[in-house]
Amino acid sequence: RFHHTSISHLFSCSKTVSDEKYQDPFQLGRKDLKNLYEDIKKELLVSTAELKEMCDYYFDGKGKAFRPMIVVLMARACNIHHNNSREVQASQRSVAIIAEMIHTASLVHDDVIDDANSRRGKMTVNQIWGERKAVLAGDFILSAASVALARIGNTAIISVLTQVIEDLVRGEFLQLGCKENENERFAHYLEKTFKKTASLIANSCKAVSILGCPDPKVHEIAYQYGKNVGIAFQLIDDVLDFTSCADHLGKPTAADLKLGLATGPVLFACQQFPEMNAMIMRRFSKPGDVERARKYVLQSDGVQQTTYLAQRYCHEATREISKLRPSPERDALIQLTEMVLTRDK
């Protein structure tokens with residue numbers, strides 16, 4: 001079991017330093033992400049008006065562009081580390097665009113699978129246009145991302161980023177399954193979290209490092225940073241499902257329980273309340289299961305344990321990225337690990 005005090009002490013110390021030392025990652029990444037959504041829309045050249053409207057719906061410029069921002073900051077950090085180059089290559093920026101397209105296609109498909117009715121505070125594509133058309137729109141965005149990927153013309157990059165698409169599908173299958181053995185459940189949950197969320201960030205970071213620097217050690221640093229930040233991001237997401245109000249989150253709370261999913265806070269709570277095991281196995285399907293499970297989670301230290309685990313992953317991400325030569329972008333990526341932990345939506 002992880003030592004809580006040492007890590008929370010570590011993070012409370014780092015907070016005071018970071019306020020003076022680091023630049024806001026969003027400010028720093030903004031120059032490379034200018035016209036990001038316009039450029040994505042150019043990739044989605046479509047003949048039918050309805051398909052165009054559906055594809056443009058989530059690319060409204062209101063998203064945080066969290067993934068593309070990590071990608072461009074990583075590109076700059078690796079370029080500076082390699083040969084002190086201050087420019088982001090066009091191919092590296094393309095990776096940021098492709099990452100956002102793959103991510104958005106996965107959201108469209110997820111909303112169909114989950115029969116979700118709201119996303120980012122507005123109605124989902126499947127609610128407006130129906131499930132069949134939503135599936136096709138997600139497919140279309142993925143195919144446009146694949147065309148953009150082929151245009152980079154680098155087989156190593158194609159191999160790294162197509163892995164993301166495979167992982168997304170495998171992660172979704174893992175989420176649809178459930179482990180009967182309690183000891184296997186947490187490993188299953190973390191593997192699903194990596195494939196569904198972290199693989200995209202890890203492999204996109206690796207892709208821009210390959211384009212910017214020939215050193216395999218740097219590729220591994222970029223990959224490990226993305227992987228650890230990605231897992232932490234999802235762990236905090238799973239915490240917010242229990243602690244944030246629906247208006248703030250932009251989607252319904254306890255959504256995961258309603259979908260029958262046992263996330264980190266539930267699995268930790270289960271150690272204190274073994275009666276939750278039966279609920280997990282029937283995927284919270286009996287009347288009252290969702291409310292009871294939510295109550296158990298909030299009575300337990302499940303939320304705190306999941307947050308501590310996210311801190312561990314962020315600490316590891318910081319340890320990895322600190323191996324690169326100092327630069328404002330490298331420091332912004334360190335700062336970002338803290339923002340992942342303290343976000344409230």
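These notebook entries record what I looked up in a predicted model.

**Entry 1: surface patch**

I began with the exposed nonpolar side chains. Ile113, Val169, Phe173 and Leu176 form a nonpolar patch on the surface, and together they have about 420 Å² of accessible area.

I next searched the whole structure for cavities of 30 Å³ or more and found 1. About 190 Å³ of space lies in the largest cavity. It is lined by 16 residues, of which Gln175, Gly177, His188, Leu261 and Ala262 are the closest to its centre. I noted that α9 and α10 (182-212) each supply at least two residues of this lining. The element that gives the most to the lining is α10, with 4 residues. Sorted by class, the lining has 7 nonpolar, 5 polar and 4 charged residues.

**Entry 2: salt bridges**

I counted 19 salt bridges, taking a side-chain nitrogen of Lys or Arg within 4 Å of a carboxyl oxygen of Asp or Glu.

Arginine 93 forms a salt bridge with aspartate 39, and their closest N and O atoms are 2.8 Å apart. Arginine 93 lies in helix α6 (residues 90-114) and aspartate 39 in helix α3 (residues 36-43), so this pair ties together parts that are 54 residues apart in sequence. I recorded both arginine 93 and aspartate 39 as buried.

The side chains of arginine 343 and aspartate 237 meet in a salt bridge at 3.0 Å, N to O. Arginine 343 lies in the segment after α18 (328-342), whereas aspartate 237 lies in helix α11 (residues 216-243), so the parts tied together are 106 residues apart in sequence. Arginine 343 has a relative accessible area of 15% and is buried. Aspartate 237, at 19% relative accessibility, also counts as buried, because the cut-off is under 20%.

For aspartate 289 and arginine 282, I found a salt bridge at 2.7 Å, N to O.

Technical notes: Residues numbered from 1 in each chain as written. Predicted model: local features only at pLDDT ≥ 70, side-chain atom pairs only at ≥ 80, totals over all residues. Heavy atoms only, no water. Patch = residues over 30% accessible without salt bridge, like charges linked within 9 Å, V, L, I, M, F, W, Y side chains within 5 Å. Areas by Shrake-Rupley, 256 points an atom, 1.4 Å probe, with all protein chains shown as cover. 1 Å grid on protein atoms, 1.4 Å probe; cavity = no way out; pocket = protein on both sides within 12 Å on 5 of 7 lines; lining within 4 Å. Points joined across faces, edges and corners; volume = space filled by probe spheres on them. Nonpolar A, V, L, I, M, F, W, Y, C, P; charged D, E, K, R; others polar. Buried < 20%, exposed > 50% of the residue type's maximum accessible area, 1.4 Å probe, protein only.
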